[in-house]
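Biologist: Can you put the structure up? I'd like to go through a few things in it.

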Amino acid sequence: MRIKTPRLRLRPWQEDDRAGFAALHGDPEVMADLGGPIDRAASDAKLDRYRAAFARHGFSRWAVTALHGELLGYTGVMPEAEGHPLGSHVQVGWRFVRRAWGQGYATEATLAALNDAFGRAGLAEILAYTAVDNTRSQAVMARLGLRRDPSRDFTTHDGWRGMVWVARPA
């Protein structure tokens, strides 16, 4: 299964994506909003969770590549467990290598992933959240047409404050 956009391809994760996935998570600038880089073991565990979610639910985070195949990052939806401050829900997120920032890739790829989640997967609502100071992600959420829902803002046990946005099928 693959999703095509004019400039990008979204596809399931492959074993040979591990090094690029780890490099993405090892970049301090890319990971600044999540407390800094994670090591290879944590990156591999995250990739395994994404692959398992796709096998179990039929949706997950997609590997996003340029047309020539270069791994640029990821986007897509993931189920969140009941233990989350918002309870059980589906969340959309993205992360791209630094050299891909500012080119509209996050918006283009995430719109395709949301359309797939609402269409093929039949989801009725998807949440997005980010930190108050992450204006880049907030701008992507606005370009995607997500609706801000302050009534759902939350704080995690470690003090991280999440601003919530909502996506619904058009």
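Predicted model: local features only at pLDDT ≥ 70, side-chain atom pairs only at ≥ 80, totals over all residues.

Biologist: Fine. Phe 21 and Tyr 74, buried or exposed?

Modeller: Phe 21 is buried, and Tyr 74 is too.

Biologist: Which residues of helix 1 are buried?

Modeller: Helix 1 covers residues 18–26, and its buried residues are Arg 18, Phe 21, Ala 22, Leu 24 and His 25. Looking down the helix axis, these fall within an arc of 155 degrees, so they line one face of the helix.

Biologist: And what covers them?

Modeller: The cover includes helix 2 (40–57), strand 4 (71–80) and strand 5 (89–96).

Biologist: New topic. How many aromatic pairs are there?

Modeller: The count is eight aromatic pairs. One of them joins Phe 21 and Tyr 74: the ring centres are 5.7 Å apart and the planes are at 40 degrees, so the pair is tilted. This pair links distant parts of the chain, with Phe 21 in helix 1 and Tyr 74 in strand 4, 53 residues apart.

Biologist: What about Tyr 129 and Phe 154?

Modeller: Tyr 129 and Phe 154 form an edge-to-face pair, 5.1 Å centre to centre with 90 degrees between the planes. Tyr 129 is in strand 6 and Phe 154 in strand 8, 25 residues apart.

Biologist: Why does Tyr 129 count as buried?

Modeller: Because its relative accessibility is 14%, and the cut-off is under 20%. Phe 154 counts as buried at 7%.

Biologist: Last one: which residues do ring pairs link into a cluster?

Modeller: Trp 13, Phe 21, Tyr 50 and Tyr 74.

Key:
Residues numbered from 1 in each chain as written. Heavy atoms only, no water. Buried < 20%, exposed > 50% of the residue type's maximum accessible area, 1.4 Å probe, protein only. Helix = DSSP H or I, 4+ residues; strand = E, 2+ residues; numbered from the N terminus. Arc of directions from axis to C-beta. Contact = heavy atoms within 4.5 Å. Phe/Tyr/Trp six-rings, centres within 6.5 Å; stacked < 30°, edge-to-face > 60°.
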